[in-house]
Amino acid sequence: MGHTDTRPRKRFGQNFLTDQRVIADILRAVHARPGETVVEIGPGRGALTEGLILSGALLHLVEIDRDLAAGWRARTGPLLTLHEGDALRFNFAALATPPEQLRVVGNLPYNISTPLLFHLLSQAPAIHDMHFMLQREVVDRMAASPGGPDYGRLSVMVQYQCRVEPLLEVPPGAFFPPPKVHSAVVRLVPGHFDHGHAQSPPMLAHVVRQAFTQRRKTLRNALSGLLDSTAMSAIGIDPQRRPETLSVGEFVRLADVAAAPSAAEA
Ligand code: SAM
């Protein structure tokens with residue numbers, strides 16, 4: 001491959017997967033097929049890429065590291081396209097040919113995983129599913145239920161529009177160099193609005209952000225200026241509750257009231 005001569009770069013979150021069993025487990029979970037369009041974020045030295053190429057799917061690689069990208073550029077062809085650049089600015093949706101959707105895969109650089117997830121969620125209609133290796137705590141936060149310390153903005157915003165399936169835990173020894181944290185693989189399937197559709201998704205994002213910026217306060221205080229306590233009580237949500245006790249559906253209802261024209265004077 002010629003990739004192994006570059007030293008892992010910390011600033012790009014390079015912890016390369018080396019455990020063949022973990023690699024096989026991820027590829028089996030993804031189960032890419034010919035005719036599908038798959039986007040891999042950060043192919044690196046190709047731990048997952050080689051198997052994705054063998055699947056016969058139409059594969060797009062997004063890699064920021066110039067040296068690693070050069071190795072992939074040499075291998076591009078009808079089924080393999082390289083996009084050298086930053087996944088945080090990448091227009092994933094532009095690769096989809098509706099009604100076909102994309103499948104997104106990546107052992108993600110942990111230092112940018114949360115903004116990258118929000119970037120992908122903003123393009124969710126173009127995405128069929130996503131399989132990611134992440135820091136285990138991030139997967140715990142995505143899958144968390146209301147009431148616990150892991151439940152927060154990421155849990156609500158991911159669960160609002162995705163089914164979240166934690167698939168496997170991966171120890172540091174599965175990578176070179178080993179990261180300081182444990183990892184986990186998760187499957188996210190967008191298009192599952194199990195908690196209802198928000199009338200204004202930007203308002204939902206705003207309410208959730210404001211609520212969890214001040215998660216130790218009561219809802220009444222955390223959301224002051226956005227919604228008053230009468231409006232909360234009117235939809236059966238006690239303003240004395242703390243944000244972390246609200247279900248995703250309750251956030252959707254709060255956002256709908258906040259989006260209504262009379263919310264400010266309610
Ligand atoms: N997929 C490989 C594996 O599993 O061994 C590499 C995984 S490594 C954790 C993360 C990869 O993402 C590296 O190849 C790194 O260069 C790349 N990367 C880091 N930041 C990126 C960004 N903003 N956009 C695209 N790729 C990025």
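Colleague: How do the residues of the lining of the largest cavity divide into nonpolar, polar and charged?
Modeller: This is a predicted model, to begin with. The lining of that cavity holds six nonpolar, three polar and no charged residues.

Colleague: Which residues line the largest cavity?
Modeller: The lining is made of I26, L48, V105, G106, N107, H131, F132, M133 and V185. β5 and β6 (127-135) are the elements that give two or more residues to this lining.

Colleague: How many cavities of 30 Å³ or more does a search of the whole structure find?
Modeller: The search finds one. The largest cavity holds about 40 Å³ of space.

Colleague: Why is this space called a cavity?
Modeller: A 1.4 Å probe fits there but cannot get out, so the space is a cavity. A pocket, by contrast, is an open set.

Colleague: How much space lies in the largest pocket?
Modeller: About 520 Å³. Its lining has 31 residues, and Q14, G42, G44, E63 and N107 lie nearest the centre. β1 (16-17), α1 (20-30), β2 (37-41) and β3 (58-63) each give two or more residues to the lining. By class, the lining has 15 nonpolar, eleven polar and five charged residues.

Colleague: What takes the space of the largest pocket?
Modeller: The ligand does. The test asks for more than half of a molecule's atoms within 2 Å of the grid points, and the ligand therefore counts as sitting in this pocket.

Colleague: Which of the 23 residues around the ligand come nearest?
Modeller: L17, G42, E63, D86 and N107. The shell divides into twelve nonpolar, seven polar and four charged residues. β1 and β3 each supply at least two of its residues.

Colleague: How much of the ligand does the protein bury?
Modeller: Taken alone, the ligand exposes 590 Å². The protein buries 97% of that area.

Colleague: What kind of peptide bond joins P98 and P99?
Modeller: A cis bond, with omega about 5°. P99 sits in the loop between β4 (80-84) and β5 (102-107). F176 and P177 are joined by a cis bond too, with omega about -10°. P177 is in the loop between β8 (175-176) and β9 (183-190).

Colleague: Why point out such bonds?
Modeller: Because most peptide bonds are trans.

Colleague: What makes the phi of H31 worth a mention?
Modeller: The phi is positive, about 50°, although H31 is not a glycine. Most residues other than glycine have a negative phi. H31 lies in the loop between α1 and β2.

Key
Residues are numbered from 1 along each chain as its sequence is written. This is a predicted model: local features need pLDDT of at least 70, side-chain atom pairs count only at pLDDT 80 or more; totals for chains, interfaces and linings use all residues. Side-chain values use heavy atoms; hydrogens and water are left out. A residue is near a molecule or strand if one of its heavy atoms lies within 4 Å of it. Accessible areas come from the Shrake-Rupley method with a 1.4 Å probe; for residues, only the protein chains shown count as cover. On a 1 Å grid over the protein atoms alone, a cavity is a set of points where a 1.4 Å probe fits but cannot get out, and a pocket is an open set with protein on both sides within 12 Å along at least five of seven lines; lining residues have an atom within 4 Å of a point. Helices (H or I, at least four residues) and strands (E, at least two) are DSSP runs, numbered from the N terminus. Ala, Val, Leu, Ile, Met, Phe, Trp, Tyr, Cys and Pro count as nonpolar, Asp, Glu, Lys and Arg as charged, and the others, Gly among them, as polar. Grid points are joined across faces, edges and corners, and a volume is the space filled by probe spheres set on the points.
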